[in-house]
Amino acid sequence: MARPVIGMSTGRMAVDYGPVAQYPLTYVSVDYVGAVLDAGGLPMPLALHDVSRYEGSVADQLALCDGLLLTGGVDISPAAYGEQPHRGLNATTPDRDAHELALLAEAKRRGLPILAICRGLQLVNVAYGGTLYQDIPAQVPDAIQHAQRSARHLASHDVTVTASSRLSGIVGPGFAVTSFHHQAIKDLGADLEVVATAPDGIIEAVEATDYPWLVAVQWHPEMNQVVDAASQALFEAFVRQCTAQ
Ligand SMILES: [Mn+2]
C-alpha cells in the first residue's frame, strides 16, 4: 500500500554557504523526516513562500498531501494576535506565519488530519483566536525550565495528560517530554481543549473540538522518537489516521 504523504511546514533561515553570505533557505529538521518515515509516512516539505505570489498556491501544495504536520520553529509575530512585541520576543518570520495559517485553514477545508508540534501548537492557538506568552521566563515567574539545556533526545519535564482525551489513548496518562520553547499558550483559543499540562500549569497539548483529528503538542516528539515509545506512538497514530482518509 502506498504510504500517506505527510506535508510538513518549513521554516526560513539564512546561512553562510561557501563564498555566499547569508544564503536564504527554506528548511525542515531531519528529525521530522525520520519520525514520519519510521511511522510509515512519506515526508514532503512544503516550501515556505509568499502566499500572495500566486492564487491557490497553498491549495495546490495540500492537494498532494494526506495529512499536515505543522513543525517547530521561531516565534510567531505577536501582531498575529494583536499584541505589541515583548522585550523577550525572539526573531519572527511573518511570511511563515501567513503560510502556515493558510496551510492550517486549507487542511481543515480538505479534512486532513493535523499534527502540530511546538510552534505548530502555538500557531493553532493563534488561528483559533488565542494568545501566547511571548517569553515564559519574563511572564510566568514560577515556571519550570522549558528551554532545556540537555541533549535534544533526553526527556526533560513531566506532562500530565487528560484521561479520555485522544492524546491519552495514544501516549498514556503522562510521561516525561523534551522541552525547547520559551513561548506558550496564554489565552486558549475557542474550540480548543487542553489535554496536557506541565507541573507548573503551562499548557503542553491541545485538541480541536470542532474538527475530527487535530492534535497539538508543545514538546518535541520528533527529537526522541527513536528512544521513546510514547513519542513514536504519536507519529504512528497520526500517520495511521492519514492512511485511513
Ligand atoms: Mn515544556
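A residue counts as buried if 20 or more other C-beta atoms lie within 10 Å of its own, as exposed if 12 or fewer do, and as partly exposed in between. The exercises below concern a predicted model.

**Exercise 1. Determine which residues of helix 4 are buried.**

Solution. Helix 4 spans residues 119-127. The buried residues of this helix are Arg119, Gly120, Leu121, Gln122, Leu123, Val124, Asn125, Val126 and Ala127. Nine of the nine residues are thus buried, so helix 4 is largely enclosed by the rest of the structure. After the helix comes Gly129, which has a positive phi near 95°.

**Exercise 2. Classify Leu188 and Leu64 as buried, partly exposed or exposed.**

Solution. Begin with Leu188, which is found in the loop between strand 10 (184-185) and strand 11 (192-197). Around Leu188 there are 16 other C-beta atoms within 10 Å, so the residue is partly exposed. Beyond residues up to four places away in sequence, Leu188 touches Asn125, Gly130 and Val194; Asn125 is one of the buried residues of helix 4.

Leu64 has 10 other C-beta atoms within 10 Å; because 12 or fewer is the limit for exposed residues, Leu64 is exposed. With neighbours within four places in sequence left aside, the contacts of Leu64 are Val5 and Met44. Gly7 lies 57 residues from Leu64 in sequence and 8.1 Å from it in space, C-alpha to C-alpha.

**Exercise 3. Identify the strands joined to strand 11 and give their direction.**

Solution. Take strand 8 (residues 157-161) to start: two bridges join it to strand 11, and the two run antiparallel. Here Val161 stands opposite Ala196 of strand 11. Then take strand 12 (residues 203-208), which is joined to strand 11 by five bridges and is also antiparallel to it. In this pairing Thr197 faces Ile203 of strand 12. The hairpin of strands 11 and 12 has five residues between the strands, and Gly201 in this hairpin adopts a positive phi near 95°.

**Exercise 4. Describe the largest nonpolar core and the contacts of Leu68.**

Solution. The largest nonpolar core comprises 60 residues, and those with the most contacts inside it are Leu68, Leu70, Ala116, Val124 and Ala216. Helix 8 (residues 229-243) contributes the most to this core, with six residues. For Leu68, setting aside neighbours within four places in sequence, the contacts are Gly7, Leu62, Leu103, Ala107, Leu112 and Ile114.

Note on methods. Residues numbered from 1 in each chain as written. Predicted model: local features only at pLDDT ≥ 70, side-chain atom pairs only at ≥ 80, totals over all residues. Helix = DSSP H or I, 4+ residues; strand = E, 2+ residues; numbered from the N terminus. Contact = placed C-beta atoms within 7 Å. Pairing = 2+ DSSP bridges. Core = buried A, V, L, I, M, F, W, Y, C linked by C-beta atoms within 7 Å.
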